[in-house]
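Me: I'd like to learn how to read a two-chain model, one feature at a time. Can we walk through it together?

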Amino acid sequence: MVAILLLALFWWALTNVFGVPEYIFPSLSSVAAALWEALLSGRLLDDTRISIIRLLLGAVVGIVSGIALGFLVGLSRTARIAVEPLINAFSGIAGIAWIPLALAWFGTGLAMSTFVIWNGMFFVVFANTILGVSRVPPTYAQAIFTLGGDRREVLRSVILPGALPDILTGVRVGLAFAWRSLIAAELMGSPMGLGQWVNEAATYQRTDRILAGCLTIAVLGVLLEALMVSWIARRTVVRWGTVAVAEERKAR
Amino acid sequence: MIQLNERKPILQAINLRHEYEARGQKIVALQDVNLTINAGDFVTVVGPSGCGKSTLAKIFAGLGTPTSGEALYAGKPIKGASSERGMVFQELAVLPWRTVVGNIGHGLEIAGMPKAEREQRVAELVRLIGLEGFEKKYPSELSGGMRQRVAVARTWATRPPVILMDEPFAAVDAITRLTLQEELIRLARTTKQTVVFITHSVEEAVFLGDYIVAMSSRPGRVLEIVPVPDMGINRTWEQMIRDPRIEAIVSRVFELVRGRAVAPSTERQHA
């Protein structure tokens with residue numbers, strides 16, 4: 001909270017005290033005006049809606065495939081030997097490099113953005129899921145076996161909740177990558193969306209609109225993270241005590 | 001001592017040998033282990049760390065396979081873990097994401113016991129281990145002693161024919177441990193439960209066991225089986241430490257596990 005206020009104060013000082021010109025760094029009030037104007041015209045809502053649909057679709061595909069493959073590789077030696085080198089090789093390629101190809105393969109529709117977001121998100125969810133699976137203490141599983149549980153029971157009641165702290169970390173980091181990928185995809189050729197809004201603003205040198213777009217993206221990113229990660233974490237890993245939250249750590 | 005029990009073998013080790021490799025070196029954890037445990041026995045296995053006693057428990061549980069020799073349960077070779085042989089671990093192996101009742105009822109859930117019956121059985125166990133009021137707590141909200149009570153209750157809940165306990169109280173503070181030991185012996189004796197209890201503490205082994213399996217380290221071998229006079233189900237530590245017979249057994253077992261016994265293990269060592 002304090003950090004946000006300080007940043008706003010700094011921004012205000014930059015334009016109102018030091019006199020940085022509007023076309024280089026627009027003032028707080030002109031960005032607010034640009035936001036208000038976009039809100040009234042309905043453009044902001046339309047662009048936000050399409051961006052969020054794209055993001056959610058890509059994120060769901062990225063999360064589900066990352067967790068599923070992470071489990072497979074984390075639990076099976078054969079799978080690890082077969083697919084891990086390949087996945088590692090691909091994870092090094094910047095997501096943005098795929099966009100021109102993705103445009104050629106999928107056009108400018110939802111399939112393109114889904115692919116680009118998936119590509120931005122998958123690797124980090126995948127790697128963190130493997131880490132999470134490997135960190136579940138083996139005695140937990142052994143104890144369930146001696147209670148009569150089978151492999152399915154161990155997967156369901158031991159590995160999945162045990163790997164959850166790392167999976168959530170993967171999703172949290174992955175969501176940030178997903179936003180970047182989405183905006184890049186929209187900048188480079190999707191019709192509509194917040195990235196395209198920023199792109200158009202850049203064409204007309206409307207720095208106030210560029211910043212308004214960036215602010216919207218930041219706020220949406222925080223909201224989505226709170227809904228998809230923090231909300232789940234509070235009801236699971238934090239409640240179980242398998243991750244320590246910052247306040248608790250301070251208390252100790 | 002154990003004359004009340006039917007002398008029916010439930011667990012057997014026949015010429016067990018277990019080897020493993022560590023840093024390129026072959027280590028013999030168990031060698032020539034022969035042991036018969038009868039139904040209803042409370043057996044304690046004691047030895048210094050590295051004597052393979054945990055390995056022995058894991059083999060009986062079906063969580064490990066011997067290099068050679070055989071481990072039998074009810075006369076049949078042990079293949080894999082099963083609900084017939086429950087195990088309590090030294091590390092706190094209750095699931096952090098399940099509440100007290102969720103953990104205790106887990107085995108019953110796996111066995112497919114109907115919910116109403118399960119809840120009743122779990123409530124009984126919660127009362128037995130004195131955790132009323134903590135039913136909905138997660139393990140991270142409990143003390144070490146409470147957690148280990150939950151671990152014992154979870155294994156006890158399904159009434160497995162055999163319960164293996166691998167140093168279950170090692171991580172609990174010394175005073176709580178005394179209480180847990182007294183509670184355990186009462187529970188085991190009233191339910192005539194077969195228990196194989198692994199420990200590195202000679203006093204604990206003597207206090208709990210009907211008889212003690214004393215083991216040597218590297219390679220882990222059975223040195224001697226030492227019987228203990230029956231002290232009754234309400235035995236207390238105060239009563240045990242005053243008994244001269246117990247004192248004699250404690251010093252005998254100490255000699256054995258420290259490799260200072262004169263006869264007959266000296267001969268065996270040189271054999």
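Predicted model: local features only at pLDDT ≥ 70, side-chain atom pairs only at ≥ 80, totals over all residues.

Me: Let's zoom out, then. How many helices and strands does chain A have?

Reply: Twelve helices and zero strands. The C-alpha trace of chain A spans about 70 × 50 × 30 Å along its principal axes. Of the 252 residues in chain A, 38% are buried. For contacts in chain A with a separation of 6 or more, 73% are between residues 24 or more positions apart.

Me: Where does UniProt place the "transmembrane region" feature in chain A?

Reply: The unreviewed UniProt entry puts it at residues 52–74, 86–106, 112–133 and 210–233 of chain A. It's worth checking such spans against the model. Residues 210–233 of chain A are 100% helix and 0% strand, with the end C-alpha atoms 33 Å apart. Residues 86–106 of chain A come out at 67% helix and 0% strand, with 23 Å between the end C-alpha atoms.

Me: How should I read a pair of packed helices?

Reply: The general idea is that two packed helices are described by the angle between their axes and the distance between the axes. Here, take helix α5 (residues 99–106) and helix α6 (residues 110–134) of chain A: they pack at an angle of about 145°, and their axes are 9 Å apart. The crossing of α5(A) and α6(A) is right-handed.

Me: Which residues of α5(A) and α6(A) meet?

Reply: From α5(A) come I99(A), A102(A), L103(A) and F106(A), and from α6(A) come A111(A), M112(A), F115(A) and V116(A). By class, that contact of α5(A) with α6(A) has eight nonpolar residues, with no polar and no charged ones.

Me: Now chain B. What does the record say there, and how does the fold compare?

Reply: UniProt's unreviewed entry has the feature "domain: ABC transporter" at residues 11–242 of chain B. In the model, residues 11–242 of chain B are 33% helix and 29% strand, and the end C-alpha atoms are 33 Å apart.

Me: How do I read the sheets?

Reply: Strands of a sheet pair through backbone hydrogen bonds, either parallel or antiparallel. In chain B, one open sheet has four strands in the order β2-β1-β4-β5, with antiparallel pairing. At its edges stand β2 (25–38) and β5 (76–77) of chain B, each with a single partner strand, so one side of each has no neighbour in the sheet. Further in, β1 (residues 9–22) and β4 (residues 68–73) of chain B pair in the antiparallel sense over five bridges.

Me: Is β9(B) mostly covered or mostly open?

Reply: Mostly covered: five of the six residues of β9(B) are buried.

Me: Why does D41(B) count as buried?

Reply: Because D41(B) has 24 C-beta neighbours inside 10 Å, where 20 or more is the cut-off for a buried residue. D41(B) sits in the loop between β2 and β3 (42–46) of chain B. D41(B) and V195(B) are 154 residues apart in sequence, yet 6.4 Å apart in space, C-alpha to C-alpha.

Me: Last one: how many residues of chain B are in contact with chain A?

Reply: 21 residues of chain B are in contact with 18 residues of chain A. On the chain B side, β6 (85–88) and α3 (106–110) are the elements that give two or more residues. By class, the chain B side has twelve nonpolar, seven polar and two charged residues.

Definitions and conventions
Residues numbered from 1 in each chain as written. Chains lettered and ligands numbered in written order. UniProt positions renumbered as here; feature names shortened; annotations may be inferred. Pairing = 2+ DSSP bridges. Contact = placed C-beta atoms within 7 Å. Nonpolar A, V, L, I, M, F, W, Y, C, P; charged D, E, K, R; others polar. Buried ≥ 20, exposed ≤ 12 C-beta atoms within 10 Å, placed from the backbone. Axes fitted to C-alpha atoms, helices over the stretch in contact; angles between N-to-C directions. Left-handed = near helix turned anticlockwise from the far one by under 90°.
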